[in-house]
Amino acid sequence: MRQQDLVGLTGEVLLGCHRDQRGLVRLRVRDCWIDARAYGSDERPLLRGDRVLVLHHQDDHLWVTRLEATYPWPSP
């Protein structure tokens, strides 16, 4: 699987990341889980357990954003 095929998928942060600090995210691809190196594109660091969306790939790593920041849900 090519990294560009991961764009648009959602996953979970395993090892925190930020713009200047690479971390690790787990993504569900078809029937299996894969772990990929990633940088966060948000102002705040992404922490373990945060849900993320893959925005793009570059130089053998992914750029991800916090899923809630991308898709805000209305408050009850």
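The model is predicted. Its 5 strands close into a barrel in the order β1-β2-β3-β5-β4, with mixed pairing. From one strand to the next, the twist averages 55°.

**Antiparallel pairings**

- Strand β1 covers residues 10-15, and strand β4 covers residues 51-58. The two run antiparallel and are joined by 3 bridges.
- Within this pairing, Gly 11 faces Val 52 of β4. Glu 12 has Arg 51 of β4 as its bridge partner.
- β1 also pairs with strand β2, residues 23-29. That pairing is antiparallel, with 4 bridges. Val 13 stands opposite Val 25 in β2.
- β4 is joined to β5 by 6 bridges, and these strands run antiparallel. Here Val 54 sits opposite Val 64 of β5.

**The parallel pairing**

- Strand β3, residues 32-40, pairs with β5 in the parallel sense. The pairing runs over 3 bridges.
- Tyr 39 stands opposite Trp 63 in β5.

**Strand β5 and its hairpin**

- Strand β5 spans residues 61-66 and is mostly covered. Of its 6 residues, 6 are buried.
- β4 and β5 form a hairpin with 2 residues between the strands. In this hairpin, Asp 59 takes a positive phi near 50°.

**Arg 51 in β4**

- Arg 51 belongs to strand β4.
- Is Arg 51 buried, partly exposed or exposed? Arg 51 counts as partly exposed because its relative accessible area is 35%, and the partly exposed class lies between the buried limit of under 20% and the exposed limit of over 50%.
- Which residues does Arg 51 touch, leaving aside neighbours within four places in sequence? The contacts are Thr 10, Gly 11, Glu 12, Thr 65, Arg 66, Leu 67 and Glu 68.
- One of these contacts, Leu 67, is 16 residues from Arg 51 in sequence. In space, the C-alpha atoms of Arg 51 and Leu 67 are 5.4 Å apart.
- A polar atom of the Arg 51 side chain lies 3.3 Å from the backbone oxygen of Gly 11. Gly 11 itself stands opposite Val 52 in β4.

How values were computed
Residues numbered from 1 in each chain as written. Predicted model: local features only at pLDDT ≥ 70, side-chain atom pairs only at ≥ 80, totals over all residues. Heavy atoms only, no water. Pairing = 2+ DSSP bridges. Axes fitted to C-alpha atoms, helices over the stretch in contact; angles between N-to-C directions. Buried < 20%, exposed > 50% of the residue type's maximum accessible area, 1.4 Å probe, protein only. Contact = heavy atoms within 4.5 Å. Polar contact = N/O pair within 3.5 Å; in protein donor to acceptor, adjacent residues only side chain to side chain.
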